Amino acid sequence: MGWRFLEPGTILWQEEMMKVKHIDHIGVAVKGIEAAGKFYTDILGLKIAEVENVADQKVNVAFIPITDSEVELLESTDPDGPVAKYIHARGEGVQHVAFRVENIEEALAELKEKGVRLIDQEPRNGAGGARIAFIHPKETNGVLVELCERDS
Ligand code: ZN
């Protein structure tokens with residue numbers, strides 16, 4: 001399979017494969033939403049649409065929509081939470097990238113069939129009513145990739 005340029009309107013996914021639609025969001029680990037949010041609001045002129053507590057992942061999440069994607073600022077609510085551990089090990093920064101898929105069950109089944117290591121074998125509830133699952137970063141050159149399905 002060689003590289004080629006795509007004609008406008010070309011469907012980007014292959015038949016019989018999971019449909020990755022667009023980048024749903026970029027998760028950024030921050031020490032505090034209020035301080036970190038100022039860059040997005042005061043400098044870039046974006047708006048924080050909502051802040052949600054996701055108890056499951058021990059974070060508060062601030063949603064900053066940009067067209068059909070979002071930046072999600074992740075602030076830990078617990079020193080033992082995954083975001084706190086991430087910041088402790090690597091500092092603040094991009095923690096994960098989320099791809100919107102049409103059907104997360106089908107996507108996970110396909111990945112398992114292909115022998116891709118997953119962090120989540122089954123979808124779980126994420127912020128904003130999404131159903132999410134993480135792929136193991138060893139499979140993705142160190143990028144923590146989240147798959148995400150939403151109704152909207
Ligand atoms: Zn996410």
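1. Eight strands make up an open sheet of mixed pairing, in the order β2-β3-β4-β1-β5-β8-β7-β6. Strands here are DSSP runs of E with at least two residues, helices are runs of H or I with at least four, and both are numbered from the N terminus. Two strands count as paired if DSSP finds at least two bridges between them. The edges are β2 (50-54) and β6 (124-125), each of which pairs on one side only.

2. The model is predicted: local features need pLDDT of at least 70 and side-chain atom pairs count only at pLDDT 80 or more, while totals for chains, interfaces and linings use all residues. Residues are numbered from 1 along each chain as its sequence is written. The mean pLDDT (the predictor's confidence in each residue, from 0 to 100) is 92 for the protein, and 93% of its residues reach 70 or more.

3. Val-51 is placed opposite Ala-62 of β3. Ala-62 in turn has Leu-73 of β4 as its bridge partner. Eight bridges link β3 with β4, again in the antiparallel sense. These two strands form a hairpin with two residues between them, and Thr-67 in the turn has a positive phi of about 45°.

4. Strand β4 (residues 69-76) has seven of its eight residues buried. A residue is buried if 20 or more other C-beta atoms lie within 10 Å of its own, exposed if 12 or fewer, and partly exposed in between, with C-beta atoms placed from the backbone. The pairing of β4 with β1 (residues 20-30) is parallel and has six bridges. In that pair, Val-30 stands opposite Glu-75.

5. Helix α3 (residues 104-113) packs on the sheet, where it touches β5 (93-101), β7 (131-135) and β8 (145-149); its direction makes about 20° with that of β7. Axes are lines fitted to C-alpha atoms, for helices over the stretch in contact, and angles run from 0 to 180 degrees between N-to-C directions.

6. Which residues of α3 are buried? They are Ile-104, Ala-107 and Leu-108. These residues lie on the same side of α3 because they cover an arc of only 95° around the axis, the arc being that of the directions from the helix axis to the C-beta atoms. Their cover includes β5, β7 and β8. Ala-109 and Glu-113, on the other side of α3, are exposed. Gly-115, just after the helix, has a positive phi of about 75°.

7. The largest nonpolar core has 23 residues, and Leu-73, Leu-74 and Leu-147 have the most contacts inside it. Such a core is a set of buried Ala, Val, Leu, Ile, Met, Phe, Trp, Tyr and Cys residues joined through C-beta atoms within 7 Å. At least two of its residues come from each of β1, β3, β4, β5, α3, β7 and β8. The largest share, four residues, is supplied by β3.

8. Leaving aside neighbours within four places in sequence, Leu-147 is in contact with Phe-99, Val-101, Ile-104, Ala-107, Ile-132 and Ala-133. Contact requires C-beta atoms, placed from the backbone, within 7 Å.

9. His-88 is in helix α2 (residues 82-90). His-88 is exposed, since 10 other C-beta atoms lie within 10 Å.

Conventions: Contact = placed C-beta atoms within 7 Å.
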